[in-house]
Amino acid sequence: MVDSLGIVASAGGFGLVYGLSARAAGFSPVEASAMSLIVFGGASQFAAVGYVLGGFSWAGIVFLTAFVNARHFLYSAGLAPYLADRPRWLRAVMAHFMTDEAFALAVSHFRRIGRADVPGYWWAAIGVTFIPWNVATIAGVLLGGSIPEPARFGLDVIFPAAMIGLAVGLITGRPEVVAAIVGAVIAVAVSLAWDPAAGLLAGGLLGPLAGLATRPGPRERRHEAEVILGARPPE
Amino acid sequence: MSTVLVPLAILMALVTYPWRAVPLLAPGMHRLPPTAQTYIRLVGPAILASLAAVNTMVVLDAARHPSFHISASSGSRSGSARRSWSPVVDSSRGWSSRHSSSPSSVPWASRPCPSPLP
């Protein structure tokens, strides 16, 4: 329950920031809310705001979205053993609500009780994440629309600050730190030498290669095995 | 009210959903090589850090020529003049910020800059 409250606060806070950023980037309330309802992926939504600002083509935005959200594959794989005996249609619906937060809450809950708990998943995915995220998005986009010059209030730093906050949230060890730093350096270098769109693509795709070359510590390897790959299936 | 970006949201959802659904709907499909799994896990931090870095350090002028600044901008679309953040010393209040409509007016290297982020 305490974990849930923390995630409600986090989803609400980031949802508000997303709404403000989207509004500042010129998204209408319908467009910003459509992103939150249909995509429902915070990092990729923030990234889309940056891509739209950067003048990316839609094809480029969609391509990078696929990369940003590829990590959901690991979350889904982590929960799959618990949900294997549930109806296919139910698993198909559950998949749409799979996020970092829903996975974190669900997998720890499933492991604690030793089996799947579908109502518990809905609580984590919808009650704790989906609803606060979408309500906060609407609040942010409406609030942002009522501020004539966001930069006067320092709101133009919200976007990069949110990006850093989200990146830090995904960092669990040395390889992630290296991937983030190298990705950022490559992105800036290529942006200056060529174009920001190419820089973002290069940083996002080459940074992880540097992370792959970094050896995680023993504690990180254990954490990786337990949290990401090794959700213990029900007995 | 504009709905131009709604189809983009649908396309983004279409490329996201398979990542979320395939392991749940097709058991065994999730057995990627460990290296591929690690790469996938590292893409998120790398892309988000790249976005933050480019957004704070690269400024485009009206002709889309990039230059290096410590700046933050989200309130204007690419191609238009972008505001740049630069720290200035206010003797009574320490570091504060100012906005300039001319990115090139504040060379980043001309004075030490703390991070503009909170």
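Because the model is predicted, local features are described only where pLDDT is at least 70, and side-chain atom pairs count only at pLDDT 80 or more, while totals for chains, interfaces and linings use all residues. Residues are numbered from 1 along each chain as its sequence is written, and chains are lettered from A, with ligands numbered from 1, in the order in which they are written.

**Chain A as a whole**

- Chain A has 12 helices and zero strands; here helices (H or I, at least four residues) and strands (E, at least two) are DSSP runs, numbered from the N terminus.
- If you follow chain A from the N terminus, the elements read α-α-α-α-α-α-α-α-α-α-α-α.
- Chain A holds 235 residues, and 51% of them count as buried. A residue is buried if 20 or more other C-beta atoms lie within 10 Å of its own, exposed if 12 or fewer, and partly exposed in between, with C-beta atoms placed from the backbone.
- Among the contacts in chain A with a separation of 6 or more, 74% join residues 24 or more positions apart. Two residues are in contact if their C-beta atoms, placed from the backbone, lie within 7 Å.

**Where chain B meets chain A**

- On chain B, 62 residues are in contact with 85 residues of chain A.
- Four elements of chain B each supply at least two residues of the side that touches chain A: α1 (6-25), α2 (34-57), β1 (58-60) and β2 (66-68).
- The largest share of that side, 22 residues, comes from α2(B).
- Sorted by class, the side of chain B that touches chain A has 41 nonpolar, 17 polar and four charged residues. In this sorting, Ala, Val, Leu, Ile, Met, Phe, Trp, Tyr, Cys and Pro count as nonpolar, Asp, Glu, Lys and Arg as charged, and the others, Gly among them, as polar.

**Helix pairs between the chains**

- Helix α4 (residues 58-68) of chain A packs with α2(B) at an angle of about 130°, their axes 8 Å apart. Axes are lines fitted to C-alpha atoms, for helices over the stretch in contact, and angles run from 0 to 180 degrees between N-to-C directions.
- The two helices α4(A) and α2(B) are therefore oblique to each other: angles under 35 degrees count as roughly parallel, over 145 as roughly antiparallel, 65 to 115 as roughly perpendicular and the rest as oblique.
- A:Leu64, A:Phe67 and A:Val68 of α4(A) meet B:Val43, B:Gly44 and B:Ile47 of α2(B), a contact with five nonpolar residues, one polar and no charged.
- Helix α6 (residues 88-96) of chain A and α1(B) pack at about 150°, with axes 8 Å apart, so α6(A) and α1(B) are roughly antiparallel.
- The contact of α6(A) with α1(B) has seven nonpolar, one polar and three charged residues.

**A helix pair inside chain A**

- Helix α2 (residues 29-39) and helix α8 (residues 118-145) of chain A have axes that come within 9 Å and cross at roughly 160°, so α2(A) and α8(A) are roughly antiparallel.
- Residues of this contact include A:Ala32 and A:Ser36 of α2(A), and A:Trp133 and A:Thr137 of α8(A).

**The nonpolar core**

- The largest nonpolar core has 97 residues, and those with the most contacts inside it are A:Ala47, A:Leu79, A:Ala106, B:Val43 and B:Ile47. Such a core is a set of buried Ala, Val, Leu, Ile, Met, Phe, Trp, Tyr and Cys residues joined through C-beta atoms within 7 Å.
- The largest share of this core, 13 residues, comes from α2(B).
- A:Ala106 touches A:Leu79, A:Gly120, A:Tyr121 and A:Ala124, leaving aside residues up to four places away in sequence.

- A:Gly15 sits in helix α1 (residues 2-24) of chain A and counts as buried because it has 25 C-beta neighbours inside 10 Å.
- A:Gly15 and A:Thr137 are 122 residues apart in sequence, yet 4.7 Å apart in space, C-alpha to C-alpha.
- A:Phe40 lies in the loop between α2 and α3 (42-53) of chain A, and A:Phe40 is buried because 26 C-beta neighbours fall inside 10 Å.
- The phi of A:Phe40 is near 50°, a positive value in a residue other than glycine. Most residues other than glycine have a negative phi.
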